[in-house]
Structure formats: C-alpha cells, structure tokens
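Please look through the sequence and the structure shown below.

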2 protein chains.
Amino acid sequence: MPQDHYREIREVSDENPQLQPQLELESDTIARLMDLVEEEDAQALDALLAAQDGVRIAHELAALPAPVRQEIWTHVPAVLQAEVLDELDDSVRNSLLENMTPESVVQAACEMDQSELVDVLESVSDELAEAILQSLSEDERSAIEVRMSYPEDSAGRYMSEEWIAVRADVTLETVARYLKRLDELPAHTDGLMVVDRQGIYQGKLPISRLLTGRDETLVSAVMGAQEQSVQVTTDASDFAPLFEQYESESIAVVNPEHKLVGRITVGDALDIIREQADHQVMQMAGLEDDEDLFAPIIPSAKRRLFWLGINLVTAFMAAWVIGLFEATLQKVVALAVLMPIVASMGGIAGSQTLTLAIRGLALGQINAANTRWLALKEVAIAGINGVVWALVVGAMAWFWFQDLKIATVLGSAMIINQFAAAVSGLSVPLVLDKMGIDPALSGSVILTTVTDVVGFMSFLGLATLVLL
Amino acid sequence: MPQDHYREIREVSDENPQLQPQLELESDTIARLMDLVEEEDAQALDALLAAQDGVRIAHELAALPAPVRQEIWTHVPAVLQAEVLDELDDSVRNSLLENMTPESVVQAACEMDQSELVDVLESVSDELAEAILQSLSEDERSAIEVRMSYPEDSAGRYMSEEWIAVRADVTLETVARYLKRLDELPAHTDGLMVVDRQGIYQGKLPISRLLTGRDETLVSAVMGAQEQSVQVTTDASDFAPLFEQYESESIAVVNPEHKLVGRITVGDALDIIREQADHQVMQMAGLEDDEDLFAPIIPSAKRRLFWLGINLVTAFMAAWVIGLFEATLQKVVALAVLMPIVASMGGIAGSQTLTLAIRGLALGQINAANTRWLALKEVAIAGINGVVWALVVGAMAWFWFQDLKIATVLGSAMIINQFAAAVSGLSVPLVLDKMGIDPALSGSVILTTVTDVVGFMSFLGLATLVLL
C-alpha cells in the first residue's frame, strides 16, 4: 500500500518539471548535451532542453565548457531564458549575454524582475541598456531608475516590489476576504505588510496569526508592530544575518520617511550568504567571487596572469633579501638547504591567523574591545608553536648537518618568524579593513611578503652574525 | 508626520528585544560586559544580560575572550540558556557545556528542540548524555534515539518534528476552521502537509492557495502533489540547494515507505550553506570549520601545532630536494637566491586551480563528462602563464646576474612548475574526492609538496645539467 502511493506520487511528478532533477543524473544529461553538440543534432538538443525547467538548465550550463555552453544556449526555449539567466552566477550570465542579439536580450529582459534587470543593465553595454530601458513602460523605467540610485548591495537593490499591504484598523475577516479575491500571494509571503494611508510601515501581520486569529480581531491587535525593518540603503552584509538570527521569511524595506518601499526575502539571504562565503575563499586565491570554472581560456588566463604578477613581486623581494647574504651562503651552503623551512612555516602559521581574522571581521566579531585579548592570544600561540617547532627543526638540522650553531640559528629564526606571522596575520587584515580595503584579496599577498622577508632575513642574518 | 511615525515605532520597539540589536552597538555592549567582569559587578551583569534576547547574547558570547565568556555565561538567565546555546557554533557551545553543572545542562537540554538536543548529546560525556536522556519522557527519548540512528548531516538529523497535517479530501473551509483552533503555526510554515490515513505523504497545500482558494474547494484540487520531498537519509549537501533553487520554506522529509516523518526548513538551509562555506576556507588553512576565534590559548595552540607539524614534513621534503644539489649551489650561489621564485609561483598558480576545483566539486559542477575539457583548460592557462612569466623572470634574472644560462634555466623551470601546478591543482582534489577524503583539508598540503619539490628539482636539476 505505501509502495503504491510512492509510485503514484512519482508518476504525478513526472509531469512536473520541479521533480525532474531527481529523475536523471545531471552528469548524464551534461554528457548527452556535449555529445549532441558534437553531432550537431539540433532537433534532439531542442527536445532535451524543452523537457527541463530553467533551474536545471542553469545548473547544467554552469557545468559546461564555455564553447559548448554558447552553442547550447541558442537552443534554450525563449520562454525559459529569463529564468535561466536569473539562476546563473553573474560571470556565466554575462558570458551568455555578450553573445546574444540585442533583440533577444531585450526580450529576455522584459521577463525579469526588477532586481535582476538592474544587474543585467549594469553589465551590458550602454546602448543595449538604453534599448532595454526603452522597451519598458514608463512606470517600470522610473522604478528601475530609482532602484539603480541605491548603493550596490543595498536592500534597495535586492528588494522585491511585490507585497500585500493591509490597514491596521480592519478585522482579520476583512483581510481574509480580501485575500480570496487574489489569484496567489507573492513568493515568501510569511506575513502581510501593515501600512497607514500615507504608506508608512507600521508592522507585519504574520500569516500564522491571520490563520489562527478570531474573525473579529483587529489587525492592530495581533500584528507585530515591533517587526524588524531595514532601511533601503542597508548593506546586504548587515541585513542577511537577520534571516539567520530570527525566523523570518521576509523583512520590510523602508525609506528614510519610514514608508514601505519593498520587501527582502529569505531567498535573497540565501544568495547573499552563498556569495559572502565564496568571497573569502575565492579572493584569498586571487580569483573572482563567482569565477566561472568553465570560462574560455583567454579571459581566465588574463586574470590569473595578473595575480601571478602581483605575487612575483613578493617572490622577487624574497630573492632580494637572500641576495643580501650571498657571501654567507657561499661559505655555508647548508643555509640554502634549510632556509625555505623558516619562511614556509611562517607562511602557514600566518595564514591560519589571517583566515581566522578575515572570517571574524566578516562575522562582525572583532572590535575595539576584544582586539587586545585576541592579539595576546595569537602571540601566545605563536610563542608555543615557535618554541616547539624550533626545538624539532633544530634537532633535525643538528642531526643532518652536525652543526650546533646552524641548528641554533634555525631554531631562533623559526621563533622570530612565528611571532612575525602572528602579528602580521592579525594586524594586516585589521589595518586593511580600517582603510576600507578588502583584506580577503590583498591580505595573503602582504602576509606572505612579511613572512618570507622576515623568514629569510632572520635566518640568514643570524647565520651571518653567528657563523662568520 | 512621517517622522512622528518613525519615532513611534522605535518607541514600541524598545519594549521588544528583537529590535534591540539596532539600539546599542554590539561592540559597546561587549566592552561593557568585559568591564563589568573586571569590576566583578554581578548585579549590573545580571541586569545587562536580562535586558537582551538570546540571539544577541549568543552573538556577544562568540565575540568575548574565553575566560570572560565563561564568567558571563553564569549570569545568563536560565530561561534564555537553551536559546543561546542553540544560536552558538558547536565549538563555543561545547566550551560552555564543559563548564556547566550536570544539573544545569539537563535543565537547558529540556528546553531544546530535538535536532539541537542530538547535537548536544553527541558532544557531552556519556554519563551526562545518559542523565539528559533519563530526564526526558519515554516518547521524547525514543524519538531522540530514532533521530540519532540517522546518518550525520542527514535530513533526519535536521528535520523539525513540528508540522500541520491535513487530509486531501476535506475542503479549504474545513482546514481554515481547524487552524482557527490552534494558537500558532510552527515556524517556517509555508504550507500544510497533506497525508493519508496511514501518514503517507501526498503533497503540500501552500498557504497561498489556502488563503486565495474558494471555501468549498477540496485540498486535493489545489495541493501541490508534485512537491519535492526528501528521504530521511538525504545528505545536507543534497537538500540544501533545493531551497536555493526553488522558492520553498519547508520540504517534507519521508521514510522509505514515503511516510511523513518531519520537515526541513529554510532556516536549516541557511545554517548548512553557512557551514559549507566556512568549511572550504577553514579547512584549507587547517582550522576547524567553526574554529572559535576567542578560544583559550592551550587548545588552540594544540590544533595549530598539529597543522604546522604536517606542513613541516613538506618543508623538510623541499629542503631534502635542495640538499641533493648542494654541490651545484656551492658553485653557483645565485641559484640559492633565485630558487624560491619558481617554487612560490608554482604554489600560487596551483592554489588557484585547487580552490576552483574544490569549489566546483562542492557545487557538483565537475563530473566525468567535463573533466577532460577542464584539464585542457587549466593546462592551457598554465602554458600561457608559464611562458609569459618565464620571459619576465628570465629577463630579470639576466639583468641581475648577467648570465644567460641562469636566466634560461630559471625560465624553463618556471614553465615546468606551472604545468606541474595545474596538473596537481586539478588532479589532487579529484583523486582525494574519489577516495572519499576531503580535498579541502589535505589538498593544499599535498599541492604545496608537489609544487615545492618540482620547483626546486626542476630549477636545480636543470642548473646542474646546464651550468656544471
């Protein structure tokens, strides 16, 4: 009996695209798409794509090599294009937009919601943006222009223009009757927005209270007047955590006069948290936040060339420091063998502190009150690590080269560089953050420069003093 | 007029703890808490903590030095403790649990929902876990035991045991009347679960359809029979993306017989996405996913010591390779000056490929169909980068040491190591993933070993061939 039901639901679901992702493995579809492109079987491509929903197609496009992706995109049904574009990361979306005819970009743009449309307008050429704007109604155009006047990543950029508003002085029965006249509620409607005649936001009527409350109860009696609202200029990094902390699916966005202008939803928060997360890991490696894994070779190579160039400066600074001690190295070649150990261990320890500090800054955990304690903690850990590994590498070096002086120099340099790593691992991101520079991007290069320079300088410098 | 309204809402909100985070800067409260602990002003501490809600206290505790945190925790009102513990990362929560009396742990545990309780049971001592279990009712205890039998990170571990179920053959009016008898709906209720007499899941009745549908309509006519459901054993990494892709706030969890056993919500998805994100960045630095920035010194130092020890093996392998060429270095000391450049540039390029590959694996973008193209792309980029920077470093080395042979050796080694970096940056994570080892943790150590060894070996090896 239960088995029958299971089958029944699966059968029903076959007609519905939402469940399809579970029906065939995505990797199989991707392999099939690549084969069909190679065989130039346009008909089969059309059929395969028409059978899928936009979310799934977007996920497949992101996992297809750039040239194949462009070919397949031309077979995606026009009605799905806006949805697919909405699902894609900016980098992949822009690569597709670049190769579309202006007409089809304009057509897809008409299907987009305002928040996505603004993203697209900012990434296409000025002429194309103008063409898209001209295709909109006057109301839509002015709404878009207001939206574009808000700061990047602000609530005003993310907010949805769809919500249901009610007055505080009506009964729940009146509200329920009003809702019956609608076809559906906007996505992520966990409550109705309560506003006064001037459109000033007064609170939220949770759906839960609407459903469980008595018919004759007034909205004002059960609405949450104390509900969070955010200003239209509030930054994503400030409002996204509210969704994590409080179990809310939507939050009102108000202008400085406290007039309701939009609604940010938990769907936005999911996107923002994913992006913030990618930010640290990608920036620390000198990559774009949404770097396209399957981007064409030339643009990828260009970006990476730049990052290697920056790091080459660090490498040459290290080489320059070593060069200062050429005479010492000439006399004691064992130093050349051991010197990378000090620099490398410093780099590892420093990047641990750096990673923690950047994450702490992103989570808003580091402030004036606790920085001193944090610095003491990191320095203490560096002391313990430094002494322990100084003894170990010293012993190993002694065993290897049978020279107590070299062993002592190596151990001492290790301790010095562990301290340098802790101090710079914490202070570099803090200072960069104060200066308004993103520590995730430039922190690791600066840190490596410090640990390399201090590492080679302390080891070879001490060696010159002690051994010569 | 609008200004008046704004003030009114702010005043209303003063009575409500939810809005308090906006009223005083958190860093000020943290500074005040630290001062009060120093002054041993227990009364003021009690008052300051009683005036805040659990979410805010949790955020403050996470940003307080470990010793202060323990002291402050003893002043957190008992009624808030379960909520605070629920908000905290595991590492911080466990540090607090360790210092609580068994009685107060048991007391707090009684307030927790099942999903959190399982987390706590798994992190406390066996005796304490037993004491907590004994304090539960028989029903609760058996529910917890079933839950603990599900795999870690499965839907069964995350799911909420609260939902509202209705039958398919009743009218919307009946459903509405039934809801009026309840006090409130469970959090994240975006729909009612439709089940049959045996409890078999049949679909979801979205709240939107309930509110906008006609009274006499049957649930079966408007419910979403094709709604996603997930198996109780489905892994978090598989179900969390469903919330990103489809605008849903809750998804039914079913057992193999398709019986409804729970509900995962968008709140879980937010936690999971945050954790996944932290995972890559923290593991790549050898830190715990939720490493406590303000942990006590000794435990932190222990974990870091271990990571440095692993990396020391890499450093000594590099030293050993250099040691093989002592004779060469003795004769041409310029080689010692230049050799870190090749290894360092290889490490940087390799970690770019590695970061992209680990993220691609996490997002499910890499599969059998596209790996070959990806490998060709990364190798092609390595070729471009290698040749460009080989020419640059070659030219600089020539200028510096006036020796064309050294310059040629440096450039050639650079090209070789860029290829080694690309190949290992992609193959190391893929192989580790196939072997079921987390590439985020061990990938970077293995990669650095490859780029260091190949870097020093190719540079010094070529130099030995060409120069001697």
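Does Gln402(A) count as buried or exposed? Gln402(A) counts as exposed because it has 10 C-beta neighbours inside 10 Å; a residue is buried if 20 or more other C-beta atoms lie within 10 Å of its own, exposed if 12 or fewer, and partly exposed in between, with C-beta atoms placed from the backbone. Gln402(A) lies in the loop between α21 (371-401) and α22 of chain A, and its phi is near 50°, a positive value in a residue other than glycine. In chain B, Gln402(B) lies in the loop between α21 (371-401) and α22 (404-434). The phi of Gln402(B) is near 50°, and Gln402(B) counts as exposed, with 10 C-beta neighbours inside 10 Å.

This is a predicted model, in which local features need pLDDT of at least 70 and side-chain atom pairs count only at pLDDT 80 or more, while totals for chains, interfaces and linings use all residues. Residues are numbered from 1 along each chain as its sequence is written, and chains are lettered from A and ligands numbered from 1 in the order in which they are written.

Confidence is given as pLDDT, the predictor's value for each residue, from 0 to 100. Chain A has a mean pLDDT of 89, and 95% of its residues reach 70 or more. Among the elements of chain A, helix α22 (residues 404-434) has the highest mean pLDDT (97) and helix α1 (residues 2-14) the lowest (34). Over residues 1-23 of chain A pLDDT stays under 50, and the model has 29 contacts beyond four places in sequence for this stretch; two residues are in contact if their C-beta atoms, placed from the backbone, lie within 7 Å. Where pLDDT is low, the predicted coordinates should not be read in detail. For the complex, the predictor gives an ipTM of 0.88 and a pTM of 0.88.

Chain A has 23 helices and 6 strands, which are DSSP runs (H or I, at least four residues, for helices; E, at least two, for strands) numbered from the N terminus. The radius of gyration of chain A, taken over C-alpha atoms, is 30 Å, well over the 23 Å that the globule rule (2.2 Å times the number of residues to the power 0.38) gives for 468 residues, so chain A is more spread out than a compact globule. Its C-alpha trace spans about 90 × 65 × 60 Å along the principal axes. Buried residues make up 49% of the 468 residues in chain A. Of the contacts in chain A with a separation of 6 or more, 71% are between residues 24 or more positions apart.

An open sheet of 3 strands in chain A has the order β4-β5-β6, with mixed pairing; two strands pair if DSSP finds at least two bridges between them. Its edge strands are β4 (229-231) and β6 (260-265), each of which pairs on one side only. Strands β4(A) and β5 (residues 250-254) of chain A run parallel and are joined by 3 bridges. Val230(A) stands opposite Val253(A) in β5(A).

In chain B, Leu441(B) is found in helix α23 (residues 439-467). Leu441(B) counts as buried because it has 20 C-beta neighbours inside 10 Å. Leu441(B) and Gln280(B) are 161 residues apart in sequence, and their C-alpha atoms are 7.9 Å apart in space.

The contact between the chains takes 111 residues from chain A and 111 residues from chain B. The side of chain A that touches chain B has 67 nonpolar, 30 polar and 14 charged residues, where Ala, Val, Leu, Ile, Met, Phe, Trp, Tyr, Cys and Pro count as nonpolar, Asp, Glu, Lys and Arg as charged, and the others, Gly among them, as polar.
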